[in-house]
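Trainee: I would like to learn how to read the features of a model like this one. Can we go through it step by step?

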Amino acid sequence: MKKTLLSILALAALSTTALAADVKPALVYGTGGKFDKSFNEAAYQGAEKFKKETGTDYRDFEPTSDTQGEQAIRNFASKGFNPVVAVSFAWTSAMEKVAAEFPNTKFVIVDSVVKLPNVRSVVFKEEEGSYLVGVMAGLASKSGKVGFIGGMDIPLIRKFACGYAQGAKAANAKIQVLQNMTGTTGAAWNDPVRGGELTKNQIDQGADVIYAAAGATGLGVLQTAADNKKLSIGVDSNQNHLHPGSVLTSMVKRVDLAVYNAYKDTASDKFTGGIQANGVKEDGVGYAMDDNNAKLVTPEMKAAVEKAKADIIAGTVKVHDYMSSNSCPM
């Protein structure tokens, strides 16, 4: 009996080893750099978590242009990497082409939808998370004006802006929401100087809380707000620690889980294609609280944002998605 049990355990160990060996993860970031303290870095953290837990290494690539993104996805697939995860809507057409060419490879795209059986499309309800931080901004503002700085002017970033405006106005119906986008090309994700200039302009107009949804450009937003003793709101990753006492909160978007789950599901043979939509209810988006912003968030703010969160989950508050109509009611 003892010998049989040992044999079973040995077979299980061999099975696990073989399964892990079949996983050869790859990651293609969006333009803006791996260590943008935001979207890309969240993806990196998810890959690192998988590596730490399993000992399975991964390969990654930082594109600086749209053509490099497609080349990287195809290169990884042709060399047997599996799954290949690409984070950014910019890789939609590339994913459609490459995934069709490699039907036996598993692919994941974050922030877009590709309808192929071997592709998992992970999207987020950014409007819901932005609504929550908008509520907090509306209550924190003393001037009655808050700001939003977006990266590339695309519907996805308008989605952040619209959710934020809805939340701010839910907290204060008379509040004004100033909005600027950084640019119309991929360079808009990596221009902290321009982000700082836009932030200063909004501060000069009276904004005292500025939300950045702009990748590495947002670092200039947070820095300028801190320099001018105004509040800011980070995005994607928890950015509260970048300027403690100045960053009111961060709208956290769990890109890290999208990457981690892709690798983990492949390793356990549980990978599925199709669309995964993650909102407040799924813990895909939310707001960050820690020691760095605890003194900035009053009990009233915390109660209001928690009520908003509960109402969204219950369905009594429905946050309008800009991308559903290419318009915002605010």
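Trainee: How many salt bridges are there between domain 1 and domain 2?

Mentor: Start with the general idea: side chains of opposite charge can pair when their charged atoms come close. This is a predicted model, and between domain 1 and domain 2 the count of salt bridges is zero. Polar contacts do occur there: nine residue pairs are found across the interface of domain 1 and domain 2.

Trainee: What area is buried between domain 1 and domain 2?

Mentor: About 1500 Å², with carbon and sulfur atoms giving 60% of that area. On the domain 1 side, Lys37, Phe89 and Val280 supply 39% of the area buried against domain 2, more than any other three residues.

Trainee: How do I read backbone angles here, and what is phi of Lys37?

Mentor: Lys37 has a positive phi, near 65°. Lys37 sits in the loop between strand E1 (26–28) and H2. Recall that Lys37 is also one of the three residues named for the area domain 1 buries against domain 2.

Trainee: Which residues does a cis peptide bond join?

Mentor: Asn82 and Pro83, with omega about 5°. Pro83 lies in the loop between helix H3 (66–78) and strand E3 (84–87).

Trainee: Back to charge pairs: how many salt bridges does the rule count?

Mentor: The count comes to 15, although it is zero between domain 1 and domain 2. One example is the salt bridge of Lys34 and Asp60, at 3.0 Å from N to O. That pair links distant parts of the chain, 26 residues apart: Lys34 is in the loop between E1 and H2, and Asp60 is in strand E2 (residues 59–61).

Trainee: What feature does UniProt place at residues 35–310?

Mentor: The unreviewed UniProt entry gives "domain: ABC transporter substrate-binding protein PnrA-like" for that range. Over residues 35–310 the chain is 43% helix and 21% strand. The end C-alpha atoms of the range are 33 Å apart.

Technical notes
Residues numbered from 1 in each chain as written. Predicted model: local features only at pLDDT ≥ 70, side-chain atom pairs only at ≥ 80, totals over all residues. Heavy atoms only, no water. UniProt positions renumbered as here; feature names shortened; annotations may be inferred. Helix = DSSP H or I, 4+ residues; strand = E, 2+ residues; numbered from the N terminus. Buried area = accessible area lost by both parts, 1.4 Å probe. Salt bridge = Lys/Arg side-chain N within 4 Å of Asp/Glu carboxyl O. Polar contact = N/O pair within 3.5 Å; in protein donor to acceptor, adjacent residues only side chain to side chain.
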